[in-house]
Every structure is written in structure tokens, then in C-alpha cells.
Amino acid sequence: MARYVGIDTSTKTGFVALDEYGDVWDAQEVEVSGKDPERMVKLIDRIVHLVGPEDVVCIEDFAYAQANRMAMLGGIGWGVRMELFKRRITYMEVATGQLKNFAGCKGNCSKEDLIIPIYELWGFRNGSDNVRDAFILAQIARAIKETVKLKAFQRDVIKKVRGR
């Protein structure tokens, strides 16, 4: 049985796994306390441990932030990518704008602007914007591999993610 995973890397990382029907198997915000770099290593390990070898994975691409925050987020993001690579788990990167477009919003909308479209499209609710982003990423992974009824704006995003 296929599993479609979305990962929104951050100090509180969103993780969602869906089955081929779009049912949620796992939806959580992964957070680890402690001092860096040990905290970052534990966070990366915990995230990668959630991913199975056959999972289809989409990760949100790096967004711009303040320099010190970008360094931390880049460290977590690259750490997850390197661990997936070491485990031979492939992943697709999805730009932040593409993620938002897939939910029917403009690429520069706020995270709060996604709450209603996510519920209207998929009936999914979660209090964490990281989990909501991971949910959309998992839906993109699913739409890439499964025959899923998509709206025109969603088909456009899938074409871009696939590189066509």
C-alpha cells in the first residue's frame, strides 16, 4: 500500500502521511527540546524515522528568512534531505508558492489564508500551520503518483513540480 508524505521542515516540523485514497495515516508537528546542535540532530533523526523506504515524499523548498533563522532552517532542511538521500529515499521539492497554489490560493498568501481552502478541498483541519503545509505537500505527492481528480490550478502545479 502506497504512502504519500509531506514534510515542512522547521524547528517545529510538519509531517503528514496519506494513503492512496487521501486518508490521513499520520499528522503531527515534530519538535525536540534541548541545545543545538544536539536538538537539530534529534529533530532530523525523528523526522527521517517517520519516513518509510517506499514512501513518495514532497518537501517544501527553502524560503527566504532572516539570516540567522535561515541558517537554522537550512540546517534542518538539508539535514533531512541528506538523511533521506543516505537511506535512498527520493523526494520532490515544492516551492512555497506552488504549495499555496495547489490549495487554490495566491503564492504570497498568509498561512492563515490556507485554513479555509484546505478544509473546503479536503476536509482537513489542524491547528499547526506546519502540519497544514505538510498536508498539502502530501496531497501533491499523492496527485503525482495516483489518478486523482484535480482542478485546473492543481494540474498546473503538478506539471511544474514534475518539471514539465
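A residue is called buried under 20% relative accessible area, exposed over 50% and partly exposed in between, with a 1.4 Å probe and protein chains only. The structure is a predicted model, in which local features need pLDDT of at least 70, side-chain atom pairs count only at pLDDT 80 or more, and totals for chains, interfaces and linings use all residues. Residues are numbered from 1 along each chain as its sequence is written, and side-chain values use heavy atoms, with hydrogens and water left out.

K160 lies in helix α6, residues 152-162. Helices (H or I, at least four residues) and strands (E, at least two) are DSSP runs, numbered from the N terminus. The C-alpha atoms of K160 and L18 are separated by 22 Å. Along the chain, these two residues are 142 apart.

L18 belongs to a covered strand. In β2 (residues 13-19), 7 of the 7 residues are buried. T13, F15, A17 and D19 point one way from β2, while G14, V16 and L18 point the other way. Strands count as paired if DSSP finds at least two bridges between them. Strand β1 (residues 3-8) runs antiparallel to β2 and is joined to it by 6 bridges. Within this pairing, Y4 has L18 as its bridge partner. The β2-β3 hairpin has 4 residues between its strands, and G22 takes a positive phi near 90°.

Helix α5 covers residues 129-145 and has 17 residues. From first C-alpha to last it reaches 25 Å, close to the 24 Å expected at 1.5 Å a residue; the expected span is 1.5 Å times one less than the number of residues. Of the 17 residues of α5, 15 are buried, so the helix is largely enclosed by the rest of the structure. At its start, a side-chain oxygen of S128 comes to within 3.1 Å of the backbone nitrogen of N130.

R142 is found in α5. This residue is buried yet has no salt bridge (a side-chain nitrogen of Lys or Arg within 4 Å of a carboxyl oxygen of Asp or Glu). The nearest side chain of opposite charge, D19, is 5.7 Å away. The R142 side chain instead reaches the backbone oxygen of E20 at 3.0 Å. Leaving out residues up to four places away in sequence, R142 touches Y4, L18, D19, E20, Y21, G22 and V148, where contact means heavy atoms within 4.5 Å.

Notes:
Polar contact = N/O pair within 3.5 Å; in protein donor to acceptor, adjacent residues only side chain to side chain. Lys, Arg positive; Asp, Glu negative; His and termini not counted.
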